[in-house]
Amino acid sequence: MSTPSTLGRQIAGWFTGSVNRRILAARLTVGGLSLVVKGTATLKELAVAYRFGTGDAVDAFLIAFLVPSLVVNVVASSLTAAFTPVYILVRETQGVPAANRLFGSATAGSALLVVAVTCLLLLLTPFGLHYLGHGFDAEKLTLTRALFLLLLPIVLLNVVVTLWSAALNAEEQFAAVALAPACVPLLSLTLVLLAGRIWGIHSLALGTVFGFLAQCGVLAIALSRQGTSLVPRWAGMTPELRQVVLQYVPMVAGAVLTSSSWVIGQAMAAMLPSGSVASLNYGNKVVAMITEVGSMALATAVLPHFSVMVARRDWTAIRRTIRIYVRLIALAAVPATVTLIFFSRMIVRLLFERGAFTETDTGLVARIQAFYLLQVPFVMVGMLFVRLASSLQKNHILLVGAAVTLPLNVALNLVLMRWLGVAGIALSTSMVFLVSCCYLVLSVRRALRIVERRYPQGSSLRPIEDGPLGNDTPPRQELGSG
């Protein structure tokens with residue numbers, strides 16, 4: 001009979017025994033800790049609602065937070081997919097010191113980029129806030145401007161968090177990265193409860209900034225423990241850094257198009273009867289949490305593993321991993337989606353139906369939620385291939401996909417909202433994710449075949465100077481051979 005310690009070692013051995021088991025363990029770790037972060041964020045939202053309600057102060061904070069959060073989503077979030085595969089390839093081909101030099105250069109270059117973006121935002125502040133806060137009186141607009149300036153440092157802090165998280169995830173240090181974001185809602189919650197009466201809505205803004213600082217501190221400790229230097233060191237525009245930039249540009253452009261899709265959906269919902277925008281947002285709450293926790297946990301877990309497989313030319317392992325996880329998603333996500341659609345009305349009633357939220361509202365939001373839920377399996381499968389595209393350094397595939405699906409989304413919105421009202425926008429979104437998923441599967445598999453022909457299974461590793469994977473030009477070492 002196994003003792004508890006023996007059983008624990010057996011379980012740990014199973015999880016570390018193969019790449020796919022390590023991916024599963026990482027996904028469970030990231031997903032579980034993400035739920036902790038989400039729970040903390042929910043408590044923070046309840047505290048904000050208790051302290052400030054829905055008054056002018058909250059309006060001012062949301063508008064002030066809108067631009068920094070959008071810049072973070074576009075500028076910072078694209079860094080992970082651009083940086084991680086190149087970092088791992090350099091580590092595998094040139095060693096840890098070379099990877100650390102790339103990390104230092106990427107940190108320094110990103111900091112310069114963010115400073116430039118921040119200066120641009122400061123120049124555009126008078127025009128931008130006047131446009132976004134259209135209808136605000138002078139006092140409310142002044143408060144919005146003050147909160148915006150207070151929140152602006154989160155742009156730089158988030159870029160630092162993104163790069164440090166990518167370096168830790170590349171070393172499979174998933175727990176610290178997944179749990180560190182809890183610092184933001186936790187400190188925001190603390191300041192709102194302790195200082196909300198004295199500092200007002202400024203306590204929420206300060207809590208957000210201090211939270212990002214604390215998140216940086218947690219990640220800094222984790223990086224220091226693994227021996228990574230935190231000091232930015234510019235080593236020039238090396239071929240490795242140039243490759244990061246080449247992958248980063250299409251990711252940023254794709255992120256702009258993807259973010260625009262949600263904004264367009266909101267704007268088109270505003271063309272419908274009163275309450276349509278709010279109903280669309282309520283209908284997306286549960287779905288957004290499922291896709292964020294599920295798909296982002298998978299994305300975080302597979303990116304470093306895919307990157308290592310690509311660096312080692314282990315195409316067989318990549319195909320095996322894809323098959324395993326597509327089947328797992330089909331077995332888990334499809335039944336769960338059908339069940340959630342069946343109980344959609346009950347879920348909405350339990351979550352929202354109280355006070356001014358009536359039974360009629362429940363019926364409309366439940367319908368929207370059911371249409372949104374259709375996207376869940378396609379989002380998860382699509383994210384698997386998104387991360388493989390990034391690992392192959394083929395992020396232009398994602399840009400082309402975003403450029404195609406954006407006009408498709410607008411067209412489907414126009415057609416379906418006439419037939420189904422605001423619920424048609426939700427159905428349009430799910431249909432677009434289906435099309436996007438099919439495009440990604442076909443395009444990324446084609447890219448994998450091209451790369452595999454160029455670098456056969458188990459071929460020797462080559463440094464980044466040889467050019468991007470799958471380039472039609474032969475590597476420099478091969479010129480003149482034979």
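In this predicted model, Arg446 is placed in helix α17, which spans residues 422-454, helices being DSSP runs of H or I with at least four residues, numbered from the N terminus. Residues are numbered from 1 along each chain as its sequence is written, local features need pLDDT of at least 70, and side-chain atom pairs count only at pLDDT 80 or more. Side-chain values rest on heavy atoms, with hydrogens and water left out.

Confidence is expressed as pLDDT, the predictor's confidence in each residue, from 0 to 100. The protein averages a pLDDT of 76, and 77% of the residues score at least 70. Among its elements, α17 has the highest mean pLDDT (90), whereas helix α1 (residues 4-16) has the lowest (47). Over residues 10-17 the pLDDT is below 50, and this stretch has eight contacts (heavy atoms within 4.5 Å) beyond near neighbours in sequence.

One salt bridge is counted, defined as a side-chain nitrogen of Lys or Arg within 4 Å of a carboxyl oxygen of Asp or Glu. This salt bridge joins the side chains of Glu452 and Arg319 at 2.5 Å, N to O, and links distant parts of the chain, with Glu452 in helix α17 and Arg319 in helix α12 (residues 315-342), 133 residues apart.

How values were computed: Helices (H or I, at least four residues) and strands (E, at least two) are DSSP runs, numbered from the N terminus.
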